[in-house]
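Have the structure open while you read.

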Amino acid sequence: MERLLLILFIYILMIMLCYITSPKRILLTPQMGYIVAFVPGLFYALFYVKKWDLYLSSQTVFVLIVGAISFVFTSIVIQTLYYKSHISQIRFNNNGVNEIIISKWKIYILTIYDIFVCLWSLIYLISEFGNSISSAIYAYRKAYILGEDVANLGVILSNARFISFTLGLIWAYLIVHGIIFKYNSHRKIYIFNYCICIITDLLSGARGDSLLLFVATFIMMYFLYSMKNSWVSKIGISTMLKIVMIFAIILIAYQSIGNLLGRESYDSNSDFIAKYLAAEIKNLDVFIRNGKQNTDCSEWLTLRVIFTNIQEYFGIDLVSDNIYQFGSNRNFLSVNGYNLGNVYSTYFNYVHDLGSTGAVVFPIIMAATSQLFFWKAIKSSSINRNSNINIHIIVYSYVYFTILMSFFSERFFDYVFNIGFVKRILILYILRFFMVKSRIYITVGKRKN
């Protein structure tokens with residue numbers, strides 16, 4: 001327990017450092033998200049030390065502390081240098097924001113598209129796996145994980161779902177923009193489409209992307225709210241408590257959603273939450289004690305997605321065909337009758353690839369890259385206020401989620417360092433071009449001729 005308390009104490013100090021060094025006390029910096037995401041799990045783990053035999057090895061303590069310090073230090077250095085060199089281009093003042101105007105016929109076309117993709121996905125599940133929707137979803141998910149051909153959605157349906165989810169990010173932005181800047185244009189249909197996109201995603205049996213969309217919505221809300229108030233923090237304690245309560249409800253409901261998708265769980269609420277928040281620490285320690293470290297580059301997990309993309313598109317053999325591709329040690333674990341799941345935090349990949357060195361190298365790369373997206377979002381929101389749908393804020397909200405999920409498993413390199421991320425950004429720009437082709441602005445409450 002002493003080692004857990006030491007790690008928790010250091011993380012709390014780093015949170016304070018992140019806040020003090022943040023320009024305009026912006027809360028959602030990459031370094032703040034990376035550190036804060038680990039704290040609930042570290043705290044929750046204190047109550048499971050004896051139940052899980054949670055006595056961390058020296059290397060695990062080193063990885064958790066040095067990895068966090070590497071991320072925070074790199075972020076603060078880049079943040080300081082960027083802010084000083086670009087301060088003349090960044091103006092934290094509110095020059096007024098215009099309502100986003102989108103023609104009804106364009107909204108209706110995209111609504112039909114969302115409904116069509118959702119129904120197409122549902123028909124595919126029922127036709128291939130039959131029975132109830134819940135059992136069909138579970139059967140599909142099982143087939144997908146086992147790599148069975150029947151789980152292949154095909155290029156057209158897969159890309160249609162990809163576009164639908166990307167469109168969900170834009171619906172989220174439009175909903176939040178209308179709420180923050182107080183106008184109601186098409187809000188109901190935006191919310192309808194937003195829900196359809198989530199349902200379409202849930203039909204795959206996974207909950208990760210739907211959670212991404214939901215969390216990204218709150219991140220967009222924070223940026224637009226802060227932009228409206230010239231980046232002067234007006235978020236009080238009561239607001240913070242409400243946000244915490246919302247996410248607590250989501251976490252508790254997560255188990256019920258899993259049951260609806262065919263993932264039966266019989267853990268108590270306390271054990272279920274512990275499995276999702278804190279078990280990663282125990283699992284990581286088990287891997288560090290017993291797992292294979294410092295693997296060949298062809299068996300790396302951190303950059304496996306981009307390596308696979310390069311191999312697929314350019315024919316360069318970078319990825320091993322070894323069954324070890326997902327890590328033979330990343331199995332479902334249990335201890336003393338407690339189910340710990342099969343997630344090991346982002347450090348599993350880093351240590352697997354480069355040993356303890358990976359806990360320094362990869363967080364540095366991650367921090368440097370995420371700072372670029374962060375400052376793009378800040379700069380675009382402080383200068384180009386009339387850009388209608390701000391793609392930079394949407395992209396940063398997507399990236400920020402992958403940072404938050406570092407406590408759970410590796411998401412950043414899988415979601416950002418790949419061809420799919422570039423394709424998603426291109427689709428966002430294409431959709432914005434279609435939705436707001438001509439820059440027609442309206443001041444809230446007053447139409448311009």
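First, the term: a residue is called buried when its relative accessible area is under 20%, exposed when that value is over 50%, and partly exposed in between. Keep in mind that what you're looking at is a predicted model.

Now the overall picture. The protein chain has 18 helices, along with four strands. Of its 449 residues, 52% are buried. As for how the chain meets itself, take the contacts with a separation of 6 or more: 79% of them join residues 24 or more positions apart.

On to the charges. Side chains of opposite charge can pair when their charged atoms come close. How many salt bridges does the structure hold? There are two.

One of them links Asp285 and Arg289, with the closest N and O atoms 2.7 Å apart. Both partners sit in helix 12 (residues 279–290), and because they are four residues apart there, about one helical turn separates them. Is Asp285 buried or exposed? Its relative accessible area is 1%, so Asp285 is buried. Arg289, on the other hand, is partly exposed at 47%.

The other bridge pairs Glu299 with Lys292, and here the closest N and O atoms are 3.5 Å apart. Glu299 has a relative accessibility of 10%, so it counts as buried. Lys292 comes in at 42%, which means it counts as partly exposed.

Key. Residues are numbered from 1 along each chain as its sequence is written. This is a predicted model: local features need pLDDT of at least 70, side-chain atom pairs count only at pLDDT 80 or more; totals for chains, interfaces and linings use all residues. Side-chain values use heavy atoms; hydrogens and water are left out. Helices (H or I, at least four residues) and strands (E, at least two) are DSSP runs, numbered from the N terminus. Buried means under 20% relative accessible area, exposed over 50%, partly exposed in between (1.4 Å probe, protein chains only). Contact means heavy atoms within 4.5 Å. A salt bridge is a side-chain nitrogen of Lys or Arg within 4 Å of a carboxyl oxygen of Asp or Glu.
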